[in-house]
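Please take a moment to look over the sequence and the model displayed below. The paragraphs after it are intended as a guided reading.

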Amino acid sequence: MGEPRIKFGMNPQGQLVHILEAKQYTHYYKCPDCEDYLQVRQGEERIWYFAHLKSDESTSRSRSCELRSPIGLEQWTERVRKSPIERAESARRMRLFVLRHPYTNTLSLGGVLPVIPAEELAGTDDIGSIVSSLRFETLGVREAPEAEQFHPSEAEVMLDLDPSAKEFRVVVSSTFSLPRLVGNWTANRLTAGAVFVGSDQRAEQQSAGARVKDADTVYVVLETVPPEIPPGVTLGKLGEWNIAWFSFNATMESFLHRHAPALSRDTNAFYVDVVVPESADPQPWAPVDGVPGAIAVLAVIPAHGLNPEFEVVSVPLSAQSTSIIPASIEGNPRLFVEEFPPTGSRRLSIHWGGRHISVVLHSSIELTEDSERESPRAEERIGLRISLDGGEDAELRPWENPDFQMRLERGRVIHGPEVIVIGPPDLPIDLTGRFFSGTRPSSTIRERLKTGEVPDRIRSWLQREGLDSVSLSYGALGSIRIEPGRAERTFRSLPTEEIERRLRKMGPAVFAESINVLVREVYDAPGGTLHHRFPPGTRKRVRRILAQLKNQSKRADS
Ligand SMILES: [Zn+2]
């Protein structure tokens, strides 16, 4: 009792394992701090955790382990929270990338440095002089960087490196104080067995012990071309190095193990997809470009069978911007919304179980005073568009109107395209329809549908008797509720001359239509409007006027 609950153990490969993914092994997981064995506590109790052994069973180092105290554990957790990007940047490590040209298939080596952090410019109005104060000395860099590349409006600085270089080094100096940028940035030379993981166009070098997820593209650096190349592996050259690259899955595990033993397959990986902007690559390996103030919607997809709570942290960490994506229904993607910053980049890292997925939201245009007023939000493409009477459109968004209620004319929804569901076609929506029988609730229907399937379902529900409300739930994004009007529209009586004028406007077609259709045409009512909605005697009047028109047209013919 009294000791804090530890969420992480270390497996024999030295990887962090979250208690949710831990197996019930004894003498297997070790404390990441004192390296004594930990017990797995997974009981009926809702909160699972690892625990140190009792004092008399543990080593002296374990007895004084930092993780036995709440403060020590909190400090350690703070380190896990820090994204690998932040750790690399504070150690002045240049991050290396393999870049593949999509058309020529040629590979190149890139080194990434951060731009001047916007926070370090707070209060300065002379960004220009700060940028132009930057000086560089380089080793292993093909083209010396230019100061403008470090402007805070850029997403990152990508340098072209010589893959055969013995060393990579960029010394950044400035007459201004830029503590997060100025310094001696280095990276080790390439060696056989080095691995880059990412998309098929951009992959980042991984350190030993890193885990690879299915569907990641893996680039392995090889001394010589192996005699047997499994299907699906493409060979290429990076300077003098041979590169084998492939899309990773279980069948590639032995190839990876043979040529890059320091990496392993991650069976509990989570994924982050960029849902909005739609133009973005769904996998956020590269900075995502967007419009300032527009939103990005990220889907966070947990591993099969796991239902963890995710944390979203800023890069670098700041206590104010840490948020939680709570556990949900197992297997349910969690949607997370973040705004593109007014200028420059917003860097986030979504993490769970020692795994981080970073997302850089880069505002690719700068806001001027004029454009700010117009607030470009072209990418806000999730929600409902409802056409109201008078040709106006209302757009409802789950995150803006969590309890939005709208009365719709029943008839107007049934037969027109008046409710349009906007969003990527595969986005899951939990649809709930509540029905009334007389004044009492009679049934509730719940379904999970994809965006594209929702409008038809709403229309069919609207045709049923007693629909009280329809709710569209977008998980963490929020929900939209619409209420079709229970009091239906009625029509005011029209003067005879007006009815006649409207029937005449239809031309000869007027004689071919049924009386019900004619009544609706005259009153401009939607199909399906029942006859008792019209003023009493309407059918009789329309029929009489129609007979007169018929006589008139016969006389005109003869
Ligand atoms: Zn310990």
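The account that follows goes from the whole chain to particular sites.

This is a predicted model, in which local features need pLDDT of at least 70 and side-chain atom pairs count only at pLDDT 80 or more, whereas totals for chains, interfaces and linings use all residues. Residues are numbered from 1 along each chain as its sequence is written, and side-chain values use heavy atoms, with hydrogens and water left out.

The secondary structure of the chain comprises 11 helices and 33 strands; helices (H or I, at least four residues) and strands (E, at least two) are DSSP runs, numbered from the N terminus. The chain has 558 residues, of which 46% count as buried. Buried means under 20% relative accessible area, exposed means over 50%, and partly exposed lies in between (1.4 Å probe, protein chains only). Among contacts in the chain with a separation of 6 or more, 60% are between residues 24 or more positions apart; a contact means heavy atoms within 4.5 Å.

Confidence is expressed as pLDDT, the predictor's confidence in each residue, from 0 to 100. The chain has a mean pLDDT of 85, and 87% of its residues reach 70 or more. Among the elements of the chain, strand 10 has the highest mean pLDDT (98) and helix 6 (residues 369-374) the lowest (44). The pLDDT is below 50 over residues 369-379, a stretch that has 13 contacts in the model beyond near neighbours in sequence. It is also below 50 over residues 411-417, where 18 such contacts are found in the model. Where pLDDT is low, the predicted coordinates should not be read in detail.

Which residues hold the zinc ion? Its protein donors are C31 (SG), C34 (SG), H52 (NE2) and C65 (SG), at 2.1 to 2.3 Å from the ion. Donors are N, O and S atoms within 2.8 Å of the metal (3.2 Å for Na, K and Ca); water is not among the atoms, so sites may look incomplete. The site is tetrahedral, with angles of 104 to 115° among its 4 donor atoms; four donors count as tetrahedral if all angles lie between 85 and 135 degrees. In sequence, the donor residues follow the spacing C-x2-C-x17-H-x12-C. Distant parts of the chain are linked by the pair of C34, in the loop between strand 2 (16-18) and strand 3 (38-41), and H52, in strand 4 (residues 49-52), which are 18 residues apart.

H52 counts as buried because its relative accessibility is 5%, and C34 and H52 are both buried. Leaving aside neighbours within four places in sequence, H52 is in contact with residues including E3, C31, C34 and C65. H52 and E3 are 49 residues apart in sequence and 8.8 Å apart in space, C-alpha to C-alpha.

Attention now turns to the interior. A nonpolar core is a set of buried Ala, Val, Leu, Ile, Met, Phe, Trp, Tyr and Cys residues joined through side-chain atoms within 4.5 Å. The largest nonpolar core has 36 residues, of which L113, I116 and F196 touch the most other members. Elements giving two or more residues to this core include strand 5 (95-100), strand 6 (107-113), helix 4 (127-132) and strand 16 (241-247). Not counting residues up to four places away in sequence, I116 touches L121, I130, V131, L134, F150, P152, L178 and L181. A second, separate core of 28 residues includes I295, A299, F435 and L472.

Helix 10 (residues 515-522) has I515, L518, V519 and V522 buried. Seen down the axis of helix 10, its buried residues fall within an arc of 100°, so they line one face of the helix; the arc is that of the directions from the helix axis to the C-beta atoms. The buried residues of helix 10 pack against helix 9 (496-505) and helix 11 (538-557). After helix 10 comes D524, with a positive phi near 55°.

Some backbone details remain. The peptide bond from V276 to P277 is cis, with omega near 5°, and P277 is found in the loop between strand 18 (271-276) and strand 19 (288-290). The bond from V315 to P316 is also cis, with omega near -5°. R92, a residue other than glycine, has a positive phi near 55° and counts as buried at 14% relative accessibility. A215 is not a glycine either, yet its phi is positive, about 80°; A215 is partly exposed, with a relative accessible area of 44%.

Methods. Four donors count as tetrahedral if all angles lie between 85 and 135 degrees; four count as square planar and six as octahedral if opposite donors are over 155 degrees apart and all others between 65 and 115; anything else is irregular.
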